[in-house]
Amino acid sequence: IWLEHFLGRRRLDPRTPSATILLGPMGAAMGVAIGVAMGAAVGFWSVGPAAGYGNLGASWFHQPQFPGPIGDFSPSERAALRAVDPGVEGGARAVGAADTRFGELVMAHGDEGNPEAFGYVPRADWERRAGVKIIDEDPVSVSGAKVVVTDRGLMPAPLVWTKAAWKLEDRPRRFALLVIEMMEDYRPYLGYLVPSVQPVWREFQARGMPVFYSNWARRPGDGLYGALDRAYGCRGVRAGTNVMYTYQERGIFPMEELMPTREEQEQGHMVRSIHLNKFADLDVYGQSILVEKVRALGVDTIVLTGGGTDACVISTALHAVDAMNLDVVLLTDALGTATPNQKGAMDVLAGLTVQLTSGEFVSYLRQHSGSAAHLLPPATKVA
């Protein structure tokens, strides 16, 4: 049936004649490509409705489609997105090198349960997990949503939790390490992470695996102002309490215990950063520094260390997963922040990233050393 959808023998929705797919001689090949793309989309978005409406039955993969400005993408629009979107696996502009043929995985396993990745928070735990006090625990309906009243407003009932579904050992991986803002200006807040970051950093360098670094390069008088400056405000600069800027004379330099090698510097692996999201930092030609290098190296999984977890780390991690087709590993003891938001940020990221300690990750590398079923060398030489 799914092939008939893409070969034009069935309409996507029988109530919408204009939605018929008309494909030429290459219809089968294009149909498979579109099917993979659509499978990934359905696999991601159907969790919520399935939880709310029960089993979707025979339509769980091939749901009715309503192409249009307020509805679904048309087949041609999906094909166009696949060609240009850097976050779509297997696409011409994908940044992460992974191409797992995910649509086929959805078709093969989409009718199975996912208890390791999705579940309901026990009612007795709602207040603790949500950080609220429930005033009235009897659910009421508001515009089709079941909610309870809390001291911070309405809250969905029930609450659900999610966890990243993939594991390191699922497939061969090309890793890159990103050391975020481990710089002298931040030593008072992040220096305690050095003993956890350093073993991972050394392991990557010893194996010839790529390491990237970012240092916060904003100075009060640099003229590079934007919305982030407005968010942090214009005061507190003389006192050094405006966290937007770097203040020490050599504060922008990497901590000496994690200094990039000369070769890494010459290869452009040191990113002087002016954005929380490290993929947003550009070279003088307007190209993302990280994007071009990660793509050239064939990286499919990026390991994050450093800080701050609730600013640069969360911004970079979300962008990598959402828009770069990169799996993300967070090393829990090698990440930190100067605010009380560490746990909250890590909780937010738990649904999208795999979280391990630095020791666990180094053990994984050593356990599978030389195994092409687990570890792949960079696609191009790393100096």
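Which residues does Tyr 225 touch, not counting residues up to four places away in sequence?

1. Tyr 225. The residues touched are Arg 218, Pro 220 and Tyr 245, with residues up to four places away in sequence not counted. Tyr 225 sits in the loop that connects β7 to α9 (227-232). Its C-alpha atom is separated by 9.6 Å from that of Ile 274, and the two residues are 49 apart along the chain. The model is predicted, and the remarks below should be read with that in mind.

2. Overall content. The chain has 383 residues, of which 40% count as buried. Its secondary structure amounts to 14 helices and eleven strands. Taking contacts between residues at least 6 apart in sequence, 69% link residues at least 24 apart.

3. The six-stranded sheet. Six strands make an open sheet, ordered β8-β7-β6-β9-β10-β11, and the pairing is parallel. The edge positions belong to β8 (270-273) and β11 (354-356); each has a single partner strand, so one side of each lacks a neighbour in the sheet. From one strand to the next, the twist averages 25 degrees.

4. Pairing around β7. Strand β7 (residues 211-216) is joined to β8 by four bridges, and the two run parallel.

5. Burial of β7. How many of the six residues of β7 are buried? The count is six of the six, so this strand is largely enclosed by the rest of the structure. In a regular strand, side chains alternate between the two faces of the sheet. In β7, Val 211, Tyr 213 and Asn 215 point one way, while Phe 212, Ser 214 and Trp 216 point the other way, and all are buried.

6. Helix α11 (residues 289-297) lies across β6 (175-180), β7 and β8, and runs at about 175 degrees to β7. Helix α14 (residues 358-367) also packs on the sheet, where it touches β6, β9 (301-307), β10 (327-336) and β11. The direction of α14 makes about 135 degrees with that of β10.

7. The segment after α14. His 368 is found in this segment. With a relative accessible area of 12%, under the 20% limit, His 368 is buried. Its contacts, leaving aside neighbours within four places in sequence, are with His 374 and Leu 375.

8. The three-stranded sheet. A further open sheet has three strands in the order β2-β3-β4, with antiparallel pairing. Its edge strands are β2 (134-142) and β4 (153-156), each of which pairs on one side only. The twist averages 35 degrees from one strand to the next. Strand β3 (residues 145-150) is connected to β4 by four bridges, and these strands run antiparallel. Within that pairing, Val 149 stands opposite Leu 154 of β4.

9. Packing of α12 on α13. At what angle do the axes of helix α12 (residues 309-323) and helix α13 (residues 342-349) cross? The crossing is at roughly 10 degrees, and the axes come within 10 Å. An angle under 35 degrees counts as roughly parallel, and α12 and α13 are therefore roughly parallel to each other. On the α12 side the contact is made by Thr 309, Asp 310, Ile 314, Ala 317 and Leu 318. The α13 side supplies Gln 342, Ala 345, Met 346, Val 348 and Leu 349. By class, this contact has seven nonpolar, two polar and one charged residues.

10. Cysteines. The structure holds zero disulfides. Is Cys 234 buried or exposed? Cys 234 is exposed, because its relative accessible area is 64%, over the 50% limit. Cys 312, by contrast, is buried, with a relative accessible area of 6%.

How values were computed
Residues numbered from 1 in each chain as written. Predicted model: local features only at pLDDT ≥ 70, side-chain atom pairs only at ≥ 80, totals over all residues. Heavy atoms only, no water. Axes fitted to C-alpha atoms, helices over the stretch in contact; angles between N-to-C directions. Parallel < 35°, antiparallel > 145°, perpendicular 65-115°, else oblique. Contact = heavy atoms within 4.5 Å. Nonpolar A, V, L, I, M, F, W, Y, C, P; charged D, E, K, R; others polar. Pairing = 2+ DSSP bridges. Disulfide = S-S within 2.5 Å. Buried < 20%, exposed > 50% of the residue type's maximum accessible area, 1.4 Å probe, protein only.
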